[in-house]
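Please keep the sequence and the structure in view while reading.

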Amino acid sequence: MSAAPRIRLATLDDEDALGRIDRDTWSTLHAVMPRPRPPYDPFYSERFGPRDHVVAELDGRLVGYVRLGFPTSLACNAHVRQILGLAVADEARGAGVGRALLRAAREEARRQGARRITLRVLGHNTPARTLYESEGFVVEGILPGEFLLDGVYVDDILMGRPL
């Protein structure tokens, strides 16, 4: 694999590859929705299209994405962007893809005029929390026992940072 991932905005042609990454990386470590089952829903929807995704490539192959959106539809909250999904293909873990995607999400949020960026992460997802903290995100709130996953109550951690 190449030394650094190539980061770009998603295109319509990326939909199938992004759907595969999303399904292949599904885990209760980070997912609160049930495991996807065929027939699979399209990756893009009315709510989230290519314009809402930054993708990473290694050696010309799509290996990850970050979904960036608004936390609410309120005009008074329009200065905030939220990371609403981040996935890295198993074969690309440890290659700096997640970090590159986080940094690209911050840049894209800034480009869109945002002043703040937030995310939610499950309390037991230590690898993700460590990455987010190393990129300047701080815990801003905890919803204790918010989700019941695999018979265990899991906290929902709210994190954010200024841009």
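Which residue in strand 3 is the bridge partner of Val54? The bridge partner of Val54 in strand 3 is Val66. The model is predicted, so that local features need pLDDT of at least 70 and side-chain atom pairs count only at pLDDT 80 or more, whereas totals for chains, interfaces and linings use all residues. Residues are numbered from 1 along each chain as its sequence is written, and side-chain values use heavy atoms, with hydrogens and water left out.

**Strand 3 and its neighbours**
- Strand 3 (residues 61–69) has eight of its nine residues buried, that is, under 20% relative accessible area with a 1.4 Å probe, protein chains only.
- Strand 2 (residues 53–58) runs antiparallel to strand 3 and is joined to strand 3 by six bridges; in the hairpin of these strands, with two residues between them, Asp59 takes a positive phi near 50 degrees.
- Strand 4 (residues 80–88) also pairs with strand 3 in the antiparallel sense, over six bridges, and in strand 4 the partner of Val66 is Leu86, while that of Gly64 is Val88.

**Aromatic rings**
- Three aromatic pairs are found in a search of the whole structure, where rings of Phe, Tyr and Trp (its six-membered ring) pair if their centres lie within 6.5 Å, and planes under 30 degrees apart count as stacked, over 60 as edge-to-face and the rest as tilted.
- Phe43 and Tyr65 form an edge-to-face pair, 5.1 Å centre to centre with 80 degrees between the planes, and this pair links residues 22 apart, Phe43 in the loop between helix 1 (15–24) and strand 2 and Tyr65 in strand 3.
- Phe43 counts as buried because its relative accessibility is 10%, and Tyr65 counts as buried because its relative accessibility is 4%.
- The charged end of Arg67 sits over the ring of Phe43, 5.1 Å from its centre, a charge being over a ring if NZ of Lys or CZ of Arg is within 6 Å of the ring centre and within 35 degrees of the ring normal.

Key. Buried < 20%, exposed > 50% of the residue type's maximum accessible area, 1.4 Å probe, protein only. Helix = DSSP H or I, 4+ residues; strand = E, 2+ residues; numbered from the N terminus. Pairing = 2+ DSSP bridges.
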